[in-house]
Structures are given as C-alpha cells and as structure tokens.
Number of protein chains: 2
Amino acid sequence: MMNIGLLIFPDIDQLDVTGPFEVLSRIPGAAMHILWKKLEPVRDIHGLILTPTMLSADCPRLDVLVIPGGPGQEALMEDKEIIDFVSARASEARIVLSVCTGALICGAAGLLVGKTATTHWASINLLKYFGAKPVNRRVVISGNLISCAGVTSGIDGALVAASQLVGEKQAKIIQLAIEYNPKPPFNCGNILTAPRSITVPARKLFATVSAKRLKTARRLRRC
Amino acid sequence: MMNIGLLIFPDIDQLDVTGPFEVLSRIPGAAMHILWKKLEPVRDIHGLILTPTMLSADCPRLDVLVIPGGPGQEALMEDKEIIDFVSARASEARIVLSVCTGALICGAAGLLVGKTATTHWASINLLKYFGAKPVNRRVVISGNLISCAGVTSGIDGALVAASQLVGEKQAKIIQLAIEYNPKPPFNCGNILTAPRSITVPARKLFATVSAKRLKTARRLRRC
C-alpha cells in the first residue's frame, strides 16, 4: 500500500488539491488521506466544501505529501502545528508535491533551502526568501520536492510524481484514463507570453494577496 | 448575478465537477450552487468527500447547469427526480455543460436528441442511443449544450462556457489566473493516438463499467 496525504485548509484553492487527487488516487494500491488538523469541513476560496478524512496528527508515515495553495496558505505559514507536521512528514516522504502557493508553506517549513522550485506566477518572486532558486517551469524536480506552478499545474506535477512512484507506463495509463489531452481554447495561460491586455488585469486580481504574501515572506525569511 | 449549478452524486468522478468549478467560480458575480437531492456529503469514486450547498429541489433558475460523470451516472439515468430536474433546468439554462459520462445523464434526460456531442472515449459509442451524433473533439458546442470529453476536458469546456457568458477577455484572464498552460509529461492522453501498449490496459480498466453502460444505454435508448 502507498500512503498519499493531501493537506487541506480554509481558503485553499480547491483545484490545487483535487487535480493531484484525481491522478494519484488512480495509482493501484494508493490509500488517499485528506488531512487537516480538525475533522470539520473547510471551504475553498470560492465556497467549495472539502472534508478531511483524517486528522493530520493521526496520519501514518506518508509516501507522498501534497501541499496545495490558495489565500489560506498565509495563515498556515505561521501555524506551528501545521509547519511542524509538514516538516516532519516531508522528511520521511518519497515525494513532496507542492502546488501553486503551497510552495510558500513548504518554504515556511524549511523545505526549499538550497532547492530549485516554482509556484504561481504571482508569487514566484517570493521563493528567494525561503532559500530556493526560482525556475520558470511548470513542474520543477529538486530532490524529493516536485513543485508546480499555478493551480492547474498540479495535474502535470502529479503525473510526474506518478511516473516516479509506479513507472512511466502506469502514469501514461492514468493520463489516458483521465483523457488528459488538453486543448486550452486560448493561448494565454503563461504570464511570460500572454498579451498585456490580459496580464495587466490578471496582476490586479492578485495585487492585494501578493502584497500580503510579500510581507509574510519577508517576516519569515530563511535567508 | 449569475446562477451556476453543479450536480454532484455518489460515485461521481470528482474532477468532472471540480475542474469546471475552478473556472466558473471566477466569473465576477457568479453564485455557485453544488446540487444534490439530499444535503448529505457524497463520496467520489476514489473517496473524496464533496458536499452539496443546496438541494436540487430548492435551486433557483440556472444560467449554467454542469452535469459531471463518473460510475455513479448509471444510477442517475433511471432516477426520475434527477432526470426531471436536469431536463427542466436545462431547458431554462443558457448553457448546459456536460463533462465525461455526464453526457449519458443528459442523454437520459433527452438533451442529446439531434445534437452533436462528445464524452469520455470509453463511452463515445453510446451517444447514438440517445440521438446524438458523436464527434471526436475535446469540446463540442451544439445549441445550448457544451459537451466535453473525459474528466480533465471539463477545464477546457468551462473556459469555452466562460467566454460565451462573459466574453473572451474575461475567460482569458481566468485562464491566466489558474495558470492553465498545460504541459502533460507524456503524449498519450488521446485514445486515437496513444500507443497500443497504453490503450489496451486502459480499455481493460473500463471494460466492466463500459459493459454496464452499454446495457443501460440500450434499455433507455431514445432512438
């Protein structure tokens, strides 16, 4: 059996965790644990209700630890119980998969020191405060850390994780089972190549939370 | 305000609904309703707990109705309360978005008659029983029906829906916000182009449920 733990929390961005869940839960023999420090449901930033299946304090040794992001990551970065949990379980895990601003939680737990990593484009400037070298790639592998860019990239990262865990053939079967043959209707999912008419309003959407994250990163900096 | 209703049910395939939720919940003014005929949580096929926010019987007139799939779609196809609900709300909605085998629920509700449509590759042979002309495309628009292929395609389809609802610029901003710039690690998400070494075991995974779905489709056929 393979123990796969996925952290959830209030104000998570739900696809950060449901994307990897979709991929990793199809690994034969995977035991999926949705983890939080309480057993009550949490709401994602847009109101989707997610429910833990196990207390983080009760979870077994994990083969894979998935750390998603979303605005709620801010509160977690200064939550000693969670940071201790992430740090302890990450040190035992074969793979830590961070998605979106989940990388900042990993940063607060000291997991980024000396690593290359990525995160959502609106937060990639913050990785340096946690000792990571930022890389503008969708999925970055560095030691046991697989870090993914924003939100949807968790699907790509989880397929990379699956191939490390159970081999390329099994990962490919999963990809076909979930028909992951993406055809975005527009070509503007990348901040470096999207037109200014899209990047300017998109950056505005993140202005407030990015300013808050910068303050937190400076306060908790590890280098 | 725009009312967006997303049906959930026991043994749903969770990404069919969480993918579109991620996109559509970012539409300014969207009111998201997670609908089921009871308010108790349901479990997806791999154990993720999803919780309705509203009884389907109580939901307001919908601008968008999202119908996801997964093995639990079988039971819904002969559930008069749900089929009546889908049929009634679909007739008022600007857009019906079917994802994966959600198309078969739409079929049972009579929504596919005379339409072009798609669904998961393991079920696309069943669309003809419901009067639809199957199309091997990731997203198919036919009248007010936007049908999507398997699981992950709901993200592409929801972006198409968003562009119809609030314009291309807003849809592009959403695409950038969720960094939807997919880079699948392997090239095998399409049943028509994946190698036999992957399609053969993938088809085996679906053999039992596909046989069951064929029986149901023949029993409920509309043409």
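This is a predicted model: local features need pLDDT of at least 70, side-chain atom pairs count only at pLDDT 80 or more; totals for chains, interfaces and linings use all residues.
The contact between the chains draws 64 residues from chain A and 63 residues from chain B. About 5400 Å² of area is buried between chain B and chain A, and carbon and sulfur atoms account for 67% of this area. On the side of chain B, B:Leu176, B:Glu179 and B:Phe186 together provide 14% of the area buried against chain A, more than any other three residues.

Two salt bridges are counted between chain B and chain A. A salt bridge joins A:Arg26 to B:Asp13, with 2.6 Å between the closest N and O atoms. The side of chain B that touches chain A receives two or more residues from each of helix 1 (15-24), strand 4 (49-50), helix 5 (153-166), helix 6 (168-177) and helix 7 (196-219) of chain B. Helix 6 of chain B gives the largest share of this side, with eight residues. By residue class, the side of chain B that touches chain A consists of 32 nonpolar, 19 polar and twelve charged residues.

Superposition of chain B on chain A gives an RMSD of 0.0 Å, through a turn of 180 degrees with a shift of 0.0 Å along the axis. The two chains are therefore related by a two-fold axis. B:Leu50 is the residue of chain B that comes closest to the rotation axis, its C-alpha lying at 3.0 Å.

Backbone angles were examined next. Most residues other than glycine have a negative phi. In chain B, B:Asp11 has a positive phi of about 65 degrees although it is not a glycine. B:Asp11 lies in the loop that runs between strand 1 (2-7) and helix 1 of chain B. With a relative accessibility of 40%, B:Asp11 is classed as partly exposed. B:Val151, also a residue other than glycine, has a positive phi near 30 degrees. The loop between strand 11 (145-148) and helix 5 of chain B holds B:Val151. B:Val151 has a relative accessible area of 1% and is buried, whereas B:Asp11 is partly exposed.

A:Asn187 is placed in the loop between helix 6 (168-177) and helix 7 (196-220) of chain A. Its relative accessibility is 70%, so A:Asn187 counts as exposed. A distance of 28 Å separates the C-alpha atom of A:Asn187 from that of A:Arg213, the two residues being 26 residues apart along the chain. A:Lys215 belongs to helix 7 of chain A and is likewise exposed, its relative accessible area being 63%. Between A:Lys215 and A:Leu126 there are 89 residues of sequence separation, while their C-alpha atoms are 9.8 Å apart in space.

How values were computed: Residues are numbered from 1 along each chain as its sequence is written. Chains are lettered from A and ligands numbered from 1 in the order in which they are written. Side-chain values use heavy atoms; hydrogens and water are left out. Contact means heavy atoms within 4.5 Å. Buried area is the accessible area (1.4 Å probe) that two parts lose on being put together, summed over both. A salt bridge is a side-chain nitrogen of Lys or Arg within 4 Å of a carboxyl oxygen of Asp or Glu. Helices (H or I, at least four residues) and strands (E, at least two) are DSSP runs, numbered from the N terminus. Ala, Val, Leu, Ile, Met, Phe, Trp, Tyr, Cys and Pro count as nonpolar, Asp, Glu, Lys and Arg as charged, and the others, Gly among them, as polar. Copies are superposed by least squares on the C-alpha atoms of residues with pLDDT of at least 70 in both. Buried means under 20% relative accessible area, exposed over 50%, partly exposed in between (1.4 Å probe, protein chains only).
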